[in-house]
Amino acid sequence: MGIVAGLDSSAEFTRIVVCDTDTGAVLRQGYAPHPGEPKAADVDPQSWLLSLGEAATGGLLEGVEAIGVSAQQHGVVPLDAQGALVRPALVGNDKRAQVAAAELVESLGGREAWSEAVGTVPRAGLPVAKLRWLARTEPEQARRVAMVLQPHDWLVWQLLGRPVRRTTDRGAASGTGYWSARTGAYRPDLVELALGHQAALPEVLGPAEPAGTTPEGLLISAGTGETMAAALGLGLGAGDAVVSLGASGSVMAVHHEALAEPGGAITSFADATGMHLPVVSTSNAVRALRGTAEMLGLDSLEELSALALKSTPGASGLVLLPYLEGERTPNLPHTAGTLSGLRRESMKPEHLARAAFEGMLCALADAMDVLRGRGAEVRRVFLLGAAAALPAVQALAPALFGARVVVPQPADYAALGAARQAAWALGVARGALAPTAPPAWQGAAAQVLEPGDDLAVGQSVRQQYVATREQIHPGAFAG
């Protein structure tokens, strides 16, 4: 038996779990918020180290033999030729690069050109768009940029004592906008297109390959982005998909190859094991529920859920297309939501409540069908986000998705995934594990929901939704 640690440096805090290498059992845990403004777009990376140090106090890492690092995705840590910070890090939730992203799309010849090049279309959050923003708004600082790292890359480099070699992994690299999950290679020309000149990029390590060893003999694994670490912590495999229920939504599948869609609906991420994580995002998920609750004068989503369950499947013919903020999937950025099927008998609060849940889940099922249409198999769906615990979501999701639904218990899955990666790298280094598969830790504790006899009814509700969508937005998913 050995001991490894996984740390997750998110946008607001650091969490550390210390685990048994053989079973994945959590032995100790640590937590600390990042100092400074949690919503800031410009962040001093030193705050991540301060948070890490505080989370690891009290002998938390005593006996640890390897550490894995997960961190917030899409951040940019710009360094000069000497490795010094050019300016504060640009973090993932920074929206200032929207115009820069649009410029990049046009500069390369459109969405299809980007989808073909790197499997993703630039948007404000991606590092490639942040580099363009930097070149346009801070040209003097941009000219000094000689190396571009992401948060997890920078933290691994710091833990190793700032060696000459700088590394990343394929999962984090796939979220940059200048590395292709399909070819497994950088596109330096896209960095130059964005930044105005070439810059050094970190070496992309294999899934079980260590980034290095500290002078004290502590192995540091490759690390990865939070999404990829969480997938590893959940124990996802082929045939699994993850539906994330935030204000907006996303559907991510585990697949054996990179997927792309000419219109850019699919973002082609790589995972931390050698597989792929194609993602389709929607602009509206829980925000549709909150808007409906407000319309009905309800104080909570729990009340909305209870009201929805008083209705019947199909909400008495009421259909909500939940495109309240425009929509990304299908690509209808300037549209609005639609409430259809209003009749005297359907104009009741419980039917509107049910239509909101059915509309949100059918829109996510549409996104899932984009992945299925490109060959991704979905046999099991993991539901993540606070809304996954709502009884109406759990009652409706299996039949509407046409698959078994798993609702994992809350846990630090990104940190657990980082620890599992550390155990993998350590095992390979010692000859105890193969580099082709991570250690077989126990999967996430979860509630499992089957579609059962409701499957046919759920598919009828989907048909009602699709017919309404096609009537109002004909050909929205054409091609």
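I began with Trp-48, which counts as buried at 2% relative accessibility. Buried here means under 20% relative accessible area, exposed means over 50%, and partly exposed lies in between (1.4 Å probe, protein chains only).

I noted that this is a predicted model, in which local features need pLDDT of at least 70, side-chain atom pairs count only at pLDDT 80 or more, and totals for chains, interfaces and linings use all residues. Residues are numbered from 1 along each chain as its sequence is written, and side-chain values use heavy atoms, with hydrogens and water left out.

**Aromatic pairs**

I searched the whole structure for aromatic pairs and found three. Rings of Phe, Tyr and Trp (its six-membered ring) pair if their centres lie within 6.5 Å; planes under 30 degrees apart count as stacked, over 60 as edge-to-face, and the rest as tilted.

I looked at Phe-13 and Tyr-31: the ring centres are 5.6 Å apart and the planes stand at 45 degrees, so this pair is tilted. Phe-13 is in strand 2 (residues 13-20) and Tyr-31 in strand 3 (residues 26-33), 18 residues apart. Helices (H or I, at least four residues) and strands (E, at least two) are DSSP runs, numbered from the N terminus. I found Tyr-31 partly exposed, at a relative accessible area of 44%.

I then took Trp-48 and Trp-154, an edge-to-face pair with 5.9 Å from centre to centre and 80 degrees between the planes. Trp-48 lies in helix 1 (residues 46-55) and Trp-154 in helix 6 (residues 151-159), so the pair ties together parts 106 residues apart in sequence. Trp-154 is buried too, with a relative accessible area of 4%.

**Strands 2 and 3**

I checked how the two strands are joined: seven bridges link strand 2 to strand 3, and they run antiparallel. Strands pair if DSSP finds at least two bridges between them. Val-17 stands opposite Gln-29 in strand 3. The two strands form a hairpin with five residues between them, and Gly-24 in the turn has a positive phi of about 85 degrees.

**Helices 1 and 6**

I looked up the packing of helix 1 and helix 6: the angle is about 60 degrees and the axes are 11 Å apart. Axes are lines fitted to C-alpha atoms, for helices over the stretch in contact, and angles run from 0 to 180 degrees between N-to-C directions.

I counted burial in helix 6: eight of its nine residues are buried. Among them are Pro-151, His-152 and Trp-157. Just after helix 6, Gly-161 takes a positive phi of about 85 degrees.
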